[in-house]
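Good morning, and thank you for coming. Please keep the sequence and the model in view while I speak.

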Amino acid sequence: MLNIAAIHEAIDEFSALGGAESYDVRIPDQTDKKRNYLGLSSLGNECRRATWYDFRKVAKKVFPPRMLRLFRRGDVQEYQFVHLLKGIGFEIFERDEDGKQFKITDFEEHLAGSMDGVGKAPKKFWMKWSKPRPFLTEYKTYNDARFQKLKKEGVRKADPKYFVQCQGYMGYNELDGCLFCAVNKNDDELYFEWVPFDKFAFRRLVASAEDILSAQTPPERISNNSSWWQCKFCDFHSICHKGAPAAKSCRTCKFASPGPAGSWVCEKGREYGEVCNQYKDITKA
């Protein structure tokens with residue numbers, strides 16, 4: 001277990017030096033944000049149906065310019081965290097031996113996720129009873145309200161989707177801890193938390209992924225009340241509660257299912273990718 005207080009103190013001392021900073025920042029093209037797989041973080045969504053809708057692409061998401069800028073803010077912040085951690089003596093590995101971002105895949109590549117990095121810390125930052133070993137690093141940005149909630153409750157309760165995401169990365173990479181790093185976008189306050197690996201949470205994640213990937217009918221929704229707060233702000237509200245049709249594609253057809261190596265298979269023997277006259281909306285009974 002890392003000594004969080006010691007990390008805070010060292011980073012404050014390093015920041016106070018005010019030395020020159022150099023960032024080698026690659027901000028990916030926004031098309032890189034489009035995913036055709038089930039993301040680990042989505043498994044932290046309390047609504048199984050929303051997760052399944054997202055995987056099946058039943059609605060086309062259009063991000064406004066403000067959200068695209070927020071995505072880029074997160075990319076930049078990642079490099080700032082790396083700079084701070086390296087500045088206090090940490091080793092931070094951001095790419096694998098092929099120079100690519102660390103990525104995990106399972107279920108024939110239909111479940112995937114990209115890790116922020118892996119770290120090693122000097123012995124002085126470990127609690128006395130702990131043995132130094134590699135750990136997962138995750139970097140997140142928060143607005144003030146969410147940041148205060150995170151400080152009060154910790155990531156497991158305040159942000160279940162990130163907690164689940166961390167457990168997935170640790171489980172698939174056989175890491176037993178994560179240094180979760182967050183910044184308050186309002187005032188640049190930093191938050192660090194040591195998140196230990198929870199094998200039961202990881203097993204639940206894998207079982208949940210299998211259920212979502214194999215489902216050919218919509219799972220139960222989180223609430224049958226369309227005015228429930230989580231439903232009101234859901235991207236799939238009109239489809240789930242008002243019967244709107246899914247965006248028409250092979251992926252939203254009842255006869256399509258995940259296949260080997262990230263592919264999709266048509267039960268009718270048609271070529272996947274070209275919607276035919278046998279299309280049947282998977283969101284309907």
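This is a predicted model: local features need pLDDT of at least 70, side-chain atom pairs count only at pLDDT 80 or more; totals for chains, interfaces and linings use all residues.

Let us begin with helix 6, which has 14 residues and reaches 20 Å from its first C-alpha to its last, close to the 20 Å expected at 1.5 Å a residue. The expected span of a helix is 1.5 Å times one less than its number of residues. Helices (H or I, at least four residues) and strands (E, at least two) are DSSP runs, numbered from the N terminus.

Residues are numbered from 1 along each chain as its sequence is written, and side-chain values use heavy atoms, with hydrogens and water left out.

How many of the 14 residues of helix 6 are buried? The count is 10, and helix 6 is thus mostly covered. Here buried means under 20% relative accessible area, exposed means over 50%, and partly exposed lies in between (1.4 Å probe, protein chains only). Among the buried residues of helix 6 are Tyr162, Phe163, Cys166, Tyr169 and Met170. Just after helix 6, Glu174 takes a positive phi of about 55°.

An α-helix has 3.6 residues a turn, so residues three or four places apart point the same way.

Just after helix 1, Gly18 takes a positive phi of about 60°.

I turn now to charge. Side chains of opposite charge can pair when their charged atoms come close. A salt bridge is a side-chain nitrogen of Lys or Arg within 4 Å of a carboxyl oxygen of Asp or Glu. A search of the whole structure finds eight salt bridges, and I shall describe some of them.

One of them joins Asp176 and Arg133, whose closest N and O atoms are 3.1 Å apart. This pair links distant parts of the chain, 43 residues apart: Asp176 is in the loop between helix 6 and strand 7, and Arg133 is in the loop between strand 5 and strand 6. Asp176 counts as partly exposed, at 37% relative accessibility, and Arg133 counts as partly exposed at 25%.

Another salt bridge joins Lys151 and Glu189, with the closest N and O atoms 2.9 Å apart. Lys151 lies in helix 4 and Glu189 in the loop between strand 7 and strand 8, 38 residues apart.

Asp198 and Arg156 also form a salt bridge, at 3.0 Å between the closest N and O atoms. Asp198 sits in the loop between strand 8 and helix 7, whereas Arg156 belongs to helix 5, 42 residues apart. Is Asp198 buried or exposed? Asp198 is buried because its relative accessible area is 15%, whereas Arg156 counts as partly exposed at 44%.

Two loop residues give a further contrast. Thr252, in the loop between helix 9 and strand 9, is buried, with a relative accessible area of 0%. Its side chain reaches the backbone oxygen of Ser249 at 3.1 Å. Asn224, in the loop between helix 7 and helix 8, is exposed, with a relative accessible area of 64%.

Finally, the surface. Trp228, Trp229 and Phe233 make a nonpolar surface patch of about 420 Å². Of these residues, Trp229 lies in helix 8 and is exposed, with a relative accessible area of 52%. Patches are made of residues with over 30% relative accessible area and no salt bridge: like charges are joined within 9 Å, nonpolar side chains (Val, Leu, Ile, Met, Phe, Trp, Tyr) within 5 Å. Accessible areas come from the Shrake-Rupley method with a 1.4 Å probe, and for residues only the protein chains shown count as cover.

Conventions: A polar contact is a pair of N or O atoms within 3.5 Å; within protein, one must be able to donate a hydrogen and the other to accept it, and residues adjacent in sequence count only if both atoms are side-chain atoms.
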